[in-house]
Structure formats: structure tokens, C-alpha cells
Amino acid sequence: MSVKEATGEDASPDAPVEETKPARGESRTDMVGKALGLLVLLGDEPRGASAAEISRRADLPFSTTYRLLGSLTRDGFVDYEPDGRRYHLGLRIFQLGQAVSSHHGFAGTALPILRRVTEQTGEATILSVRDGMHHLTVNKVDGPQTFRVTSDPGFLGALHTTSVGKALVAFAEDEDRERLLGELPLEPLTALSITDRDAFRAEIEKVRRQGYAVMDEENELGMRAIAVPVFNSQGVAFASLATAAPVFRLSVEAMVALVPLLQAAAVELSARLPQR
């Protein structure tokens, strides 16, 4: 193996990919498990990762990681970005996720409610659930305006910089909330992102008191959002519902005025959606 291969600098799905064969004493089931492990790791990397980074995180030899990534890329489970030499979850994963979402009733059941909220606000409506240390966009309805919100279904985003994420943290089970408050990476996405742990804890307490969460250019400059929790029968948020808009269209005060509309829609979603 060359030095470049060992660092992952030349890892590319366009290169010939050998069939991923198990090493001696290793079954095909082991290799499937390792491939699934790589997908889980990529799921925690919304911006993607290089083959060398994935190899280190998975604690696998680079050659094994490279072959597995090649196979996953060939089958559409992973995408490769040549410019940055980074791997991302692929379209096939998104399609499977959408199938699971539809099977559980989220996508189809929620859509009419989201459409109704968008009709009344004129802005994008987003439904998210928590996926580990991220939020996952389950469904979205864009407003009639030309300026679109980029958080499409299947998108994994930060919890601490988004309104949907803050709502999910604030109204999680007590033990979960405390774990997230103590362990959640507080990486800045803009200059306005909360990166201090005490400040984040204070923000979550504020969300719990007022019953809604605001994102004011913390996740993306020029964008603003407000979210409310969707509660299960135990009073724990299993989803969150948000309205998002560019800052030049809606002030924070105008967004707060939408809270009763969002809360009414959240109550309807709580009654209709499978609670997991």
C-alpha cells in the first residue's frame, strides 16, 4: 500500500474496487456488521468524512475501510465528493429512511397538517425527530416564496443550533436531557451559535419555561426559526414542529406570534402520529 493510500488521500469510488472478502477467521456476517458500522459513523458526520478519518473512528485497517466504502458507494449507500475527498451517506440510505418513515406513518400522516400550517404562515414548516446527537428532518413543506429552507427530509442537523433541536432537548426525558446537556458537542456553525455549556443549559431552561424554541441565525446566517414540541402520552417530545423563514421576512416577534398555530398543529400531530 502506498503512503497516499495509507492516509486516505486518494480514496475514490472511481478506482477499481476489489470484492470485499472476509479475512481468515472472519465471516461475511462480520463484514456486513463492519459496513453497517461505517454507515452509522457517516450518519454522525453531516459534513462527511475522509476514508482515513472513518478508518480511525471505526478502528479498522485503512484497506478494509476503503474496500467497504467502495462497495457501499457502488451500491448507492454512500456518496463520494471528489473535491473534498469526503464520503457522505448516499441516496439509497435516504430512500430507505423515507420508506421507514412512511411505514411508521410520519411522512404521510403529517403532510396534510404541515401543508395547512404553511398555508397559514406562508413559510416553510418542518417536522423533526431526534436521532442520537442530531435532529433528523422527517418532512418539510416549503412556502410559496422563492427563498427555500435547505433542511430537506433526511437531513441530519445539530441540536444546539436549531429550534427543532432545542425543543427536542428541552422536552426529552429527564435522564436524556441531562446527558445531552453534559455531552452534546457545542460546535459553532455561525458566530451566533451557543458554544458555552452553561449558556446552553440556560437556553434549554428558557425553552422549557416558555414552551417553544427560537433559532436566530445560530444555525445559518440569514435564517430564523421557531419550534414547539410534539408530545407523547408521557409528556415527552418525540418530535418537534417548526416554522422557518429568512430574517428579512419575519422578525422574532412575528415568529412568536405563530406559536399558538404551531402548538395546535402539534397537538393534532400528537394524536395522529405513532409515538416512538
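Here is a chat about a predicted model and some of its helices, loops and residues.

Colleague: I'm new to this one. What should I know about the model before I start?

Modeller: It's a predicted model, where local features need pLDDT of at least 70, side-chain atom pairs count only at pLDDT 80 or more, and totals for chains, interfaces and linings use all residues. Residues are numbered from 1 along each chain as its sequence is written, and side-chain values use heavy atoms, with hydrogens and water left out.

Colleague: Okay, what pLDDT does the protein average?

Modeller: The average is 85, and 83% of the residues score at least 70. pLDDT is the predictor's confidence in each residue, from 0 to 100.

Colleague: And where does pLDDT stay under 50?

Modeller: Over residues 1-20, for which the model has 37 contacts beyond four places in sequence. Contact means heavy atoms within 4.5 Å. Where pLDDT is low, the predicted coordinates should not be read in detail.

Colleague: Got it. How many helices and strands are there in the protein?

Modeller: 11 helices and eight strands. They're DSSP runs numbered from the N terminus: H or I with at least four residues for helices, E with at least two for strands.

Colleague: How much of the protein counts as buried?

Modeller: 46% of its 276 residues. Buried means under 20% relative accessible area, exposed over 50%, and partly exposed in between, with a 1.4 Å probe and protein chains only. The protein exposes about 13900 Å², and carbon and sulfur atoms supply 52% of that.

Colleague: What about contacts between residues at least 6 apart in sequence?

Modeller: Of those contacts, 59% join residues at least 24 apart.

Colleague: Let's do helices. How do α7 and α9 cross?

Modeller: Helix α7 covers residues 163-170 and helix α9 covers 197-210; their axes come within 9 Å and cross at roughly 80°. So α7 and α9 are roughly perpendicular to each other, a label for angles of 65 to 115 degrees (under 35 is roughly parallel, over 145 roughly antiparallel, the rest oblique). The axes are lines fitted to C-alpha atoms, for helices over the stretch in contact, and angles run from 0 to 180 degrees between N-to-C directions.

Colleague: Which residues make that contact?

Modeller: From α7 there are K166, A167, V169 and A170, and from α9 there are F200, E203, I204, V207 and R208. By class, the α7 and α9 contact has six nonpolar, no polar and three charged residues. Here Ala, Val, Leu, Ile, Met, Phe, Trp, Tyr, Cys and Pro count as nonpolar, Asp, Glu, Lys and Arg as charged, and the others, Gly among them, as polar.

Colleague: And what's the story with α8 and α9?

Modeller: Helix α8 is residues 174-183, and its axis comes within 9 Å of the α9 axis, crossing at roughly 150°. On the α8 side the contact is made by R177, E178, L180, L181, G182 and E183, and on the α9 side by R197, F200, R201, I204 and R208. The α8 and α9 contact divides into four nonpolar, one polar and six charged residues.

Colleague: Back to K166. Is it buried or exposed?

Modeller: K166 is buried, with a relative accessible area of 0%, and it sits in helix α7. Beyond its neighbours within four places in sequence, K166 is in contact with residues including L159, H160, E203, I204 and M215. K166 and M215 are 49 residues apart in sequence, with 8.6 Å between their C-alphas.

Colleague: What does S163 look like?

Modeller: S163 lies in helix α7 too, and it's buried at 3% relative accessible area. Among its contacts, leaving aside neighbours within four places, are A213, V214, M215 and A242.

Colleague: Where is E205, and how exposed is it?

Modeller: E205 is in helix α9 and is partly exposed, at 33% relative accessible area. The C-alpha atoms of E205 and A170 are separated by 7.1 Å, though they're 35 residues apart along the chain.

Colleague: New topic: which loop is D59 in?

Modeller: The one between α3 (51-58) and α4 (62-74). D59 has a phi near 55°, a positive value in a residue other than glycine, and D59 counts as exposed at 69% relative accessibility.

Colleague: What's the phi of E217?

Modeller: E217 has a positive phi of about 65°, although it is not a glycine. E217 lies in the loop between β6 (213-216) and β7 (223-231).

Definitions and conventions:
Accessible areas come from the Shrake-Rupley method with a 1.4 Å probe; for residues, only the protein chains shown count as cover.
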